[in-house]
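Let's take a walk through this structure together. Please have the model open as you read.

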Amino acid sequence: METLRERFCAFMSNRWLVFVAAMWIQSCAGIGYLFGSISPAIKSSLNYNQRQIAKLGVAKDLGDSVGFLAGSLCEVLPLWGALLVGALQNLAGYGWVWLIVIGRAPRLPLWAMCILIFVGNNGETYFNTAALVSCVQNFPKSRGPVVGILKGFAGLGGAILTQIYTMIHHPDHASLIFMIAVGPAMVVIALMFLIRPVGGHRQGRSSDGASFTFIYNVCILLAAYLMGVMLLEDLVDLNRTIITVFTVILLLLLIVPIVIPISLSFCSEPKEPAEEVLLPQPEKLEPGKSEHNANEVIFSELEDEKPREVDLLPHSERQKRIAQLQAKLFHAAAEGAVRVKRRRGPHRGEDFTLAQALIKADLWLIFWSLLLGSGSGLTVIDNLGQMSQSLGYDNTHIFVSLISIWNFLGRIGGGYFSEIIVRDYAYPRPIAMAIAQLVMAVGHFCFAMGWPGAMYIGTLLIGLGYGAHWAIVPAAASELFGLKKFGALYNFLTLANPAGSLVFSGLIASSIYDHEAETQAHQRHLYAQNSGALFSGKFAQDDPLKCEGSVCFFLTSMIMSGFCIVAVVLSLILVYRTKIVYANLYGKSRS
């Protein structure tokens with residue numbers, strides 16, 4: 001019988017403990033989604049206009065997306081070292097911004113503020129990279145659920161931090177910036193030594209499926225609870241005690257998953273790991289693996305001689321036909337009738353380098369579709385504070401929280417339903433991205449109309465669609481371009497996020513908003529002059545520009561809705577181009 005010490009050692013080296021700790025870290029990795037809540041405080045304190053706030057938003061998006069340094073450091077430093085660097089960046093960047101906003105540090109020019117926002121938000125990339133690297137290595141046969149859950153918690157982080165801030169209820173909104181600077185750094189430093197590979201391939205057990213189901217149920221319960229609490233706080237004036245109780249329950253729900261490693265280490269009898277027998281090797285080729293990895297000889301003539309209808313056959317029948325063709329080519333090659341040579345470059349579904357992928361139309365279709373779809377969604381997230389204020393809502397935090405919840409469910413649901421599409425129907429995964437972009441087009445249209453309740457409907461549709469992108473795109477990229485250089489490919493695709501934000505937020509939304517705000521300010525100034533109001537000119541000069549009404553974001557939302565339709569078309573082109581690829585990868589043809 002194992003001693004308590006041995007059980008505790010098993011608990012500390014359990015891969016589920018690493019996964020749960022990574023979930024907690026990811027809950028703090030969504031600080032970028034709170035920019036819509038802190039931007040009004042920065043705007044009023046530093047007297048910025050919307051165009052300047054948009055530039056800070058682009059810097060934030062760049063910090064969240066440029067993860068090359070984090071990826072490089074994770075290869076050199078231990079994972080706890082990379083997490084420490086990220087925590088220090090987060091603390092330094094947002095801590096300095098907080099000191100400037102409250103007047104404790106001298107005001108800096110806009111370019112320096114952009115650098116601080118970039119540095120602070122870039123800490124997220126270290127959290128994401130360390131969590132994903134450790135957990136993918138610990139769960140090599142469950143990468144899909146692991147990545148979906150971790151990315152989902154990153155999207156939910158904004159709502160969690162907002163609820164904690166609501167409990168604190170400090171009258172100074174700048175204190176939210178302080179919480180963003182200090183809170184994630186404290187959590188990451190407390191957990192950083194738990195995030196590491198622990199030989200997860202040797203810990204596979206038949207209970208893994210039930211454990212993932214439990215985690216999924218906790219995720220759904222957590223999202224439903226947060227949504228109910230946020231709506232209740234928005235509709236009803238609750239006292240401090242009730243809000244504190246709600247926040248404590250939220251923290252307990254976050255802690256619940258720890259029961260999995262505890263039960264596996266302390267409550268269950270030791271079992272032999274069921275490593276290879278758990279999942280029998282499939283007959284079909286795994287996505288992302290090259291056929292020539294199996295020591296097969298590749299003939300360039302095979303692609304020429306193979307009839308096109310062979311690709312549409314079921315996988316078992318297709319393999320028989322290809323084997324027959326290979327046998328004929330072997331025989332012909334032996335007699336000198338054909339020349340055997342290696343094929344130039346990989347085909348779809350095999351391992352690409354970034355340089356090889358960059359010359360493929362499929363990668364650019366994904367990139368531009370992601371730029372238009374995800375970029376427009378990020379623009380809404382960055383401007384939620386101004387959008388809600390322009391429509392007459394005083395509490396902007398509720399919409400930041402709601403869009404974080406829908407973003408979370410979009411990531412969980414996008415990965416789950418896109419997996420059904422490819423596994424059950426062998427249909428291209430990008431069709432799910434097209435559906436998400438169509439949903440976002442409707443959401444932008446709702447924002448443009450400014451109907452009663454449009455903010456709630458718009459945040460629902462935009463949050464679901466935006467979140468789904470980040471569950472679908474990484475999986476699709478790994479299927480089309482392989483896993484060998486997946487990190488470089490993924491980091492390249494994430495650049496679509498700040499690029500889209502630069503176009504939609506930095507150039508379109510901010511310019512239109514400031515134009516409408518200047519028009520309204522001029523009209524108010526004329527009205528004040530005609531009414532004989534004193535000091536009207538001074539008031540107009542000192543008061544920061546502020547736009548009111550649905551007109552502020554009408555044209556911007558209509559433009560983004562139109563670009564989402566363009567993104568749908570690009571995704572459908574990708575679907576058409578990759579039908580045969582998915583039929584081959586998943587071993588069946590679509591009826």
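A residue is called buried when its relative accessible area is under 20%, exposed when it is over 50%, and partly exposed in between. Keep in mind that you are looking at a predicted model.

With that scale in hand, let's turn to the salt bridges, of which the structure holds two. In one of them, the side chains of R577 and D362 meet at 2.7 Å, N to O. This pair links distant parts of the chain, since R577 sits in helix α25 and D362 in helix α17 (residues 361-382), 215 residues apart. R577 has a relative accessible area of 33%, so it is partly exposed. D362, in contrast, has a relative accessibility of 3% and therefore counts as buried.

The side chains of R429 and E479 also form a salt bridge, at 2.5 Å, N to O. Here R429 lies in the loop between α19 (397-425) and α20 (430-449), while E479 belongs to helix α21 (residues 454-481), 50 residues apart. R429 counts as buried because its relative accessibility is 3%, and E479 is buried at 3% as well.

Now back to helix α25 (residues 551-577), which gives three residues, the largest share, to a nonpolar patch. On the surface, F445, W451, F554, L555 and M558 make up this patch, with about 450 Å² of accessible area together. L555 is in helix α25, and its 45% relative accessibility means that L555 counts as partly exposed.

Finally, look at helix α6 (residues 79-101) and helix α9 (residues 175-191), whose axes come within 8 Å and cross at roughly 165 degrees. That angle makes α6 roughly antiparallel to α9, and their crossing is left-handed.

Notes: Residues are numbered from 1 along each chain as its sequence is written. This is a predicted model: local features need pLDDT of at least 70, side-chain atom pairs count only at pLDDT 80 or more; totals for chains, interfaces and linings use all residues. Side-chain values use heavy atoms; hydrogens and water are left out. Patches are made of residues with over 30% relative accessible area and no salt bridge: like charges are joined within 9 Å, nonpolar side chains (Val, Leu, Ile, Met, Phe, Trp, Tyr) within 5 Å. Accessible areas come from the Shrake-Rupley method with a 1.4 Å probe; for residues, only the protein chains shown count as cover. A salt bridge is a side-chain nitrogen of Lys or Arg within 4 Å of a carboxyl oxygen of Asp or Glu. Helices (H or I, at least four residues) and strands (E, at least two) are DSSP runs, numbered from the N terminus. Buried means under 20% relative accessible area, exposed over 50%, partly exposed in between (1.4 Å probe, protein chains only). Axes are lines fitted to C-alpha atoms, for helices over the stretch in contact, and angles run from 0 to 180 degrees between N-to-C directions. Angles under 35 degrees count as roughly parallel, over 145 as roughly antiparallel, 65 to 115 as roughly perpendicular and the rest as oblique. A crossing is left-handed if the near helix is turned anticlockwise from the far one by less than a right angle, and right-handed if clockwise.
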